[in-house]
Amino acid sequence: MKPFINEVTKMSIVSADIRQTPLLQALDETGKVVDTTLIPDISDSEIRQLMHKMVFTRILDERALRLARQGRLGFYAPVAGQEASMIGSEAATRPDDFLLPGYRDVPQAVFHGWPLYQWVLFSRGHQKGGEIPEDARLIPPQIIIGAQYVQAAGIGLGMKLKGDNRVALTYTGDGGSSEGDFYEGINFAGAFQAPVVFVVQNNQFAISVPVSKQTAAGTLAQKAVAAGIPGVQVDGMDVFAVYSATKEAVDRARAGHGPTLIETVTFRYGPHTMSGDDPTRYRTKAIEAQWERRDPLIRLRNYLQNLGMWSDSDEEQTIEEAKQALADALKKADAVPAMTVAGLVDSMFETIPDTLLRQKQEYLPKEEQ
Amino acid sequence: MAQMTMIRAITNALDIALAADNKVLVFGEDVGRNGGVFRATEGLQAKYGETRVFDTPLAESGIIGLANGLALEGFRPVPEIQFLGFIFEAMDQILGQAARMRYRTNGRFHIPMVVRSPFGGGVKTPELHSDSLEGLFLQSPGVKVVIPSNPYDAKGLLLSAIADNDVVVFLEHMRLYRSVKQEVPEETYTVPLGKASVLRQGSDVTVIAYGYMVQTALRAAHQWQEQHGLSAEVIDLRTLYPMDIETIVSSIKKTHRAIIVQEAQKSAGGAAEIIAQINENAIYHLEAPVLRIAPPDTVYPFGVVEDDWLPSPELVVTGLQKVMSL
């Protein structure tokens, strides 16, 4: 198999545009194989698992939009359209690899060990949501754009110092790639040859600002060049391409060959968040329709159905499973005791200073009622 | 015991911390081979190797972000920001990230980090090297703020800060690095965070200061005694957050008058917070308003005017006279 992340990707640059390296794609929009080298070398059941997770995520998203409108969820950033980019990349890691998600990267966090009910709590603004289980290797979704990129470099360096062959995986978006922390993160990881995979999910709009106004760079992947690390652009609507590129980057990192930047070219179907964003203000129906034709679920479903690997009942079963999982999560979240200001105070320091303890006392009578 | 400057006491503390716990990492711009621009990390890379004491690329947000990631992997980072004026670049990673990790994860993760940084006026630096920015950290929850005034405290406070499981901003006044020598034990010891110290006993006015202004306050107290026969009690705050209001209150119960000497601009910041807490805890013991001796609300000035701008012992004496007359 020819490597698709290689030294050539960073050395062959003669212009500031690396679109001469074609966008990696395994399946076309209809699910037909266009590049056999990008079909993941994993078992049939693992491939079915990718489909399962994408359908699960799509249903979760549909339900989340409804719940957000009903006020049963708080903060939520829709994910539909980005399932291949999200699921394909996270699936290429091991559970002991460390995940640093951005605020939209809830599906990866959930599949990396963040219990669904804690996501519900996080969305509602309950502190218990961010209390990652002891055995899970991730931090809660980051709100500041790009801040996780430099932290990922630190986690990667820590892994390298410990010599435990783990990898850090982090995400940002096209807007995030303009941040100073984005450049500092990839540069630090390159300088330390830290085992980090940086994914930039280019979903075309940073809230309302299109990529064309974000940068003069021909691709976001080419930003890797200045950091001296490999950069690769993949079809982010193609779960096989995303998985294969990420897997190779993860393997490189684990083998001590340093970080990689992966741009997944994708699209969010919904609004930026459920807090009042109206996409009709900045994009046309025609653009939306164009991207919906490239839908990641349709593509993989066609591929699998042609091979007899995914049936209507598989689909139905997954949908029911997702609905049930969310219903259970809501029930469990509803049962968690309310957050208190007293508890909040206790989470500020290991030992609470006297002045802060006195401030806490002022809330206790009210909250003990 | 050895005579040490503050810079040597700090190096000595880092040496002890690095030897005691292999999770302690020291890094930043020029801290490796060069030993830091002030030589605070002199000889440490040679002794502990490049995996424990190392240079980073030149990016302050990257340095603190790196520290955050290392802390999440179980290390105890001690990053250096070369001059405090450069810390604006790293404010999100300190206040937006590190200081909130315990809260954000409900205690699942915490960041045991000490951000060391030189600051302070009187040494004729270019712009944004001398500014006193401690007030920015006081206003933001989740960080402790430590400012030593002498070599003995610097070593003991730094060892406490490195042992602390939360974020500590440790600010080292440049004018103190080599100007004061003191007996400092070679072995390990700690000075607790959050405890002020009474450096001079007195009965007429309480003078509260931190950093280099402790030296200014001590000189002023001496002059005042010589010139006017009155005695000032000088409190070195040592830690600004958490603040040791108890020590201040017990002194005020004795003197009934207080002034604060601060190198940072007058409005908001440390002195304002001290006055607020005195107001809440000791107002009925006061016989006069608490005064602030501090520079005006301007940016820290270029070198030619800084000696005029900074509070002098003479200005403090004027303040002492004024508070006695009220």
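How many helices and strands make up the secondary structure of chain B? Select chain B and count along: twelve helices and 14 strands. Keep in mind that this is a predicted model.

**Stop one: chain B as a whole**

Show the C-alpha trace. Along its principal axes it spans about 60 × 40 × 40 Å. A compact globule with 326 residues would have a radius of gyration near 20 Å, and the 19 Å of chain B agrees with that. Now colour by burial: 65% of the 326 residues count as buried. Switch to the surface. Chain B exposes about 11600 Å², with carbon and sulfur atoms supplying 51% of it.

**Stop two: a patch on that surface**

Select Phe88(B), Leu128(B) and Leu136(B). These residues form a nonpolar surface patch, with about 250 Å² of accessible area together. Zoom in on Phe88(B), in the loop between β4 (76-80) and α4 (91-97) of chain B. Phe88(B) is partly exposed, because its relative accessible area of 44% falls between the 20% and 50% cut-offs.

**Stop three: strand β2 of chain A**

Move to chain A and select residues 168-173. Six of the six residues of this strand, β2(A), are buried, so it is largely enclosed by the rest of the structure. Check both faces: Ala168(A), Thr170(A) and Thr172(A) lie on one side, with Leu169(A), Tyr171(A) and Gly173(A) on the other.

Strand β1 (residues 98-100) of chain A pairs with β2(A) in the parallel sense over three bridges. There, Phe98(A) has Ala168(A) as its bridge partner. Strand β3 (residues 196-202) of chain A also pairs with β2(A) in the parallel sense, over six bridges. Finish at Thr170(A), which stands opposite Phe198(A) in β3(A).

Definitions and conventions. Residues are numbered from 1 along each chain as its sequence is written. Chains are lettered from A and ligands numbered from 1 in the order in which they are written. This is a predicted model: local features need pLDDT of at least 70, side-chain atom pairs count only at pLDDT 80 or more; totals for chains, interfaces and linings use all residues. Side-chain values use heavy atoms; hydrogens and water are left out. Patches are made of residues with over 30% relative accessible area and no salt bridge: like charges are joined within 9 Å, nonpolar side chains (Val, Leu, Ile, Met, Phe, Trp, Tyr) within 5 Å. Accessible areas come from the Shrake-Rupley method with a 1.4 Å probe; for residues, only the protein chains shown count as cover. A salt bridge is a side-chain nitrogen of Lys or Arg within 4 Å of a carboxyl oxygen of Asp or Glu. Helices (H or I, at least four residues) and strands (E, at least two) are DSSP runs, numbered from the N terminus. Buried means under 20% relative accessible area, exposed over 50%, partly exposed in between (1.4 Å probe, protein chains only). The radius of gyration is taken over C-alpha atoms; the globule rule is 2.2 Å times the number of residues to the power 0.38. Two strands pair if DSSP finds at least two bridges between them.
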